[in-house]
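Please look at the sequence and the structure below, and then follow the questions and answers through its helices, strands and overall build.

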Amino acid sequence: MNCIPPPCKPALGIVALDLLAADKSRRISFRGKDRHSISDSRECLRWEAGQRIEFSFSGEVASGGAVDVEVVAMPRIFEDHAYVHRFLNGVMGIELNGKEIFQGTVHWRSHEETASFWQRLRFPVPAGSIDPGINHLVLTNHTSRAALSDFFDSGLDEAFGPQLAEAKLGTWFLAELRLHPGEPKPGLPRICGVPRSAVAGEPFLIEVIHNAGDGEAVAASAGNAIVKIEPPERELGALRSLIRVTPLEPGREVLITIGGTELRAEVATIYSRLRSRDLVVGGGIESLFWHELPGAFEEIFANEAGNAVRISIDDFLNNLHAVPVERWKPLVSYLVRRGIRFALQRLRVPPYSRISHEDLVELANLGGPLFLGTSIPEPVHRIGRPGGDKTLAAVLADYLTFFREQLRKVRLPGHPVVTFDAGSSMAGQYYAEGLDVHLAETGPACNV
């Protein structure tokens, strides 16, 4: 696939800055652990609940480029492996020169939750926030029982007692604090979503992101293809026109030209149609922040990263559980307009969720035939082990009872149910019980 983008001047940005490097005197060592693993030990700045820490840096190297604030930290709760795999949350604020960069909940996860202990949090800085001369970055640990409210898990009290539980959750160890150059925004107009290959007679979509006025048509033509331009819509903060391209003859390239000769894209390999089949391929979203989702969805389409995505819309990882359904609708509409299929995962629903299961019907209906279904728990969430008085047959029977209960619980009226895992040996049991779709994970798939 060859794309010829418009000229784009590189943005001047800040060089990477390590804001902890200047002060080594207050560092202490910390490492986390859980029932099955242990993290590496790092030199950290101890960051108490309620503590406000300020860092100054020179802005002479910054000239309006995109910048990200990157935080790597771990709460003290991980010094004791007695409590893991639960709803471990904190509250953090970041300010740059008096302007709020982030204010909200973060979720801490251990190795048992499929991620490393040392969690890397990255937050984009609004353009123009860095001034010439000295700049001031302020981080505040707002974590407390009162600040978390419903987001404070009462199970912590049972494990440690109320006072110690709050102290362990609210004491953090800051291992890294850096400023990184952010991704510069490419120029407009630009084209994305061009596939590496295509099949004669089967249409594909490409996208033009442009600065034309609302409702203004984008001209396009193609060799060895028919093009149909859909009206532009404003999505994810940009005006976007979708172009449906249908290749005509196999063995010949398709060359798409947009706006005269301003943008050109080539699909060199066009196959002949051999047989009709349906294949769903895509990654999962489990531990991204809400502010990262638009960029992730854009990359899925722009880089042709499959035709589906599995979203942990109500998992306790990070802050997706705190977002109401109304705010999800534009993101789902973005997927639907591009024909990207999606499944909604609800495996570990926290008690403080802002989304009820019934609310998901609206998103499922919005997807229509593109909605793959709500997910059902993997066998690892319930399946036991034979031993003592429990035979293998009893273990399987117990799991299938659990499976039937979950099947009734997660199904949305009129929509399918999916599972995803590597436990394909159970697939025969799944389908016999009424499962509609099986998504098999064959590699790292926890995040797009």
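Q: How are helix 5 and helix 6 oriented to each other, roughly parallel or roughly antiparallel?
A: This is a predicted model in which local features need pLDDT of at least 70 and side-chain atom pairs count only at pLDDT 80 or more, while totals for chains, interfaces and linings use all residues. Residues are numbered from 1 along each chain as its sequence is written, and side-chain values use heavy atoms, with hydrogens and water left out. Helix 5 (residues 325–337) packs with helix 6 (residues 360–367) at an angle of about 15°, their axes lying 10 Å apart, where helices are DSSP runs of H or I with at least four residues, strands are runs of E with at least two, and both are numbered from the N terminus. Angles under 35 degrees count as roughly parallel and those over 145 as roughly antiparallel, and therefore helix 5 and helix 6 are roughly parallel.

Q: Which residues of helix 6 make the contact with helix 5?
A: Contact means heavy atoms within 4.5 Å. From helix 5 the contact takes in Val325, Glu326, Trp328, Lys329, Val332, Ser333 and Val336, and from helix 6 it takes in Glu362, Leu363, Leu366 and Gly367.

Q: Which residue of strand 10 is the bridge partner of Leu96?
A: Strand 7 (residues 89–96) and strand 10 (residues 134–141) pair in the antiparallel sense, with five bridges between them. Within strand 10, the bridge partner of Leu96 is Leu137.

Q: Which residue in strand 20 stands opposite Ile256?
A: Strand 19 (residues 254–258) pairs with strand 20 in the antiparallel sense over five bridges. The residue in strand 20 that stands opposite Ile256 is Ala265.

Q: How many of the five residues of strand 20 are buried?
A: A residue is buried at under 20% relative accessible area, exposed at over 50% and partly exposed in between, with a 1.4 Å probe and protein chains only. Strand 20 (residues 263–267) is mostly covered, and its buried residues number four.

Q: How many helices and strands does the secondary structure of the chain come to?
A: Of the chain's 448 residues, 48% count as buried. The secondary structure comes to eight helices and 27 strands.

Terms used. Axes are lines fitted to C-alpha atoms, for helices over the stretch in contact, and angles run from 0 to 180 degrees between N-to-C directions. Angles under 35 degrees count as roughly parallel, over 145 as roughly antiparallel, 65 to 115 as roughly perpendicular and the rest as oblique. Two strands pair if DSSP finds at least two bridges between them.
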